[in-house]
Amino acid sequence: MKELFIGEVIKRKRKELGLTQEELCEGICEPSTISRIESGKQVPAKNKLDALLQRLDLPGDRYYALLSKNELEISNLQSQVISCNVSKNKRDGLQYLEKLEGIVSEDDHLIRQFILRSKVALGYLDGEDIRPYTFDEKEKMLFEALYLTVPKFDIKEIDKNYYTVEEIKIINQIALNYSDAGQNKKAIDVYNQLLKYIEKHFCNMEQTSGIFILISYNYSRILCLEKTPKQAIEIAENGRKACIQFGKSEWLAGLLVVLADCLHQLGCYNESKERFLESYYVYRSLDDYKNAEIVKGHAKELLNFIIN
């Protein structure tokens, strides 16, 4: 299906009615403004859009969701970056990110925030090689990203502000950065605060279940590494139930591995085997054979359990 922009809709209807740009915009805006709107370089304010659409005898409520060409390009590039990050295709992801940086305005804090957190995930190009940023560089970039929209952010008092899902994802990245640097205690403190915040403020779990499951997985995994299996099981089990309730399979196998590891730590070997087996087949059902084989090897190493 061909995508139409609001400017193209206005231009098509104006020509259909035999109106010039000057005739259409008289008393509403400058002809130069109409020219920019029709070319997709500008989106009119709502009151001006109402007047222009009324003059063209178009139902205004049908067109409010249409994007300008620039907005649609930005949205598409963001989707490409996210897709490349998920698939670990960092080289293409960095190319899309470079294009995004080239078209976004300096005062667009939300997109600038997205760019910074994406750079942390993807790394940077060093000649022909892609290298990760250092711990300090990642920390600086992530805090800089948060300060764009939450200037009073304090990692020790997360509950002092209100956050979007995107901002929660950045705080999650900060915690992961701590964990990757071996600072699991700091990561646990951040995740403890995050989970409490989500449970307190995110009432519509159907829309925010993805971030709840992500935090549950990362938090329980680090607790498992720190040999606190009972607390890890409680959190991982809540995440597992949310995966099933809301049809989110992305983290289900990982949560099952956490549960298997924790049950092994507690000496519940038969239950641990069951969770390893479940995780293996979830990965297989998702065609993620690499992680399925990792689970298979992990089960053999810990329990001498052979998964066929």
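Analyst: N304 is exposed, since its relative accessible area is 58%. On this scale, exposed means over 50% relative accessible area, buried means under 20%, and partly exposed is what falls in between, with a 1.4 Å probe and protein chains only. The model is a predicted one, in which local features need pLDDT of at least 70 and side-chain atom pairs count only at pLDDT 80 or more, while totals for chains, interfaces and linings use all residues. Residues are numbered from 1 along each chain as its sequence is written, and side-chain values use heavy atoms, leaving out hydrogens and water.

N304 sits in the segment after α15 (289-303). Helices here are DSSP runs of H or I with at least four residues, strands are runs of E with at least two, and both are numbered from the N terminus. The backbone of N304 has a positive phi of about 50 degrees, although N304 is not a glycine.

Now for the wider setting. The protein has 15 helices and two strands. Its radius of gyration is 25 Å, well over the 19 Å that the globule rule gives for 308 residues, so the protein is more spread out than a compact globule. That radius is taken over C-alpha atoms, and the rule is 2.2 Å times the number of residues to the power 0.38. Along the principal axes, the C-alpha trace spans about 80 × 45 × 40 Å. The protein exposes about 17,500 Å², of which carbon and sulfur atoms supply 49%; accessible areas come from the Shrake-Rupley method with a 1.4 Å probe, and for residues only the protein chains shown count as cover.

Next, the buried side. Of the 308 residues, 43% are buried. In soluble globular proteins, nonpolar side chains tend to be buried together. The largest nonpolar core here has 64 residues, and F153, I155, I168 and I171 have the most contacts inside it. Such a core is a set of buried Ala, Val, Leu, Ile, Met, Phe, Trp, Tyr and Cys residues joined through side-chain atoms within 4.5 Å. Apart from it lies another core of 14 residues, including I10, I28, I37 and L53.

Setting aside neighbours within four places in sequence, I155 is in contact with F143, I171, I174, Y178, V190 and Q193. N161 lies in the loop between α8 (135-149) and α9 (165-180), yet it is buried at 15% relative accessible area. Beyond residues up to four places away in sequence, N161 touches V150, K152, F153, D154 and Y197.

I111, in helix α7 (residues 109-122), is buried at 9%. With neighbours within four places left aside, I111 is in contact with I74, Q78, L100 and V104.

Finally, the aromatic rings. Rings of Phe, Tyr and Trp (its six-membered ring) pair if their centres lie within 6.5 Å; planes under 30 degrees apart count as stacked, over 60 as edge-to-face and the rest as tilted. That rule gives nine aromatic pairs. In one of them, the ring centres of F143 and Y147 are 6.0 Å apart and the planes stand at 45 degrees, so the pair is tilted. Both residues lie in helix α8, four residues apart, about one turn of the helix. F143 is buried at 13%, whereas Y147 is partly exposed at 40%.

In another, the rings of Y191 and Y219 have centres 6.1 Å apart and planes at 25 degrees, so this pair is stacked. Y191 lies in helix α10 (residues 184-201) and Y219 in helix α11 (residues 205-225), so the pair ties together parts that are 28 residues apart in sequence. Y191 is buried at 0% and Y219 is buried at 2%.

Note on methods. Contact means heavy atoms within 4.5 Å.
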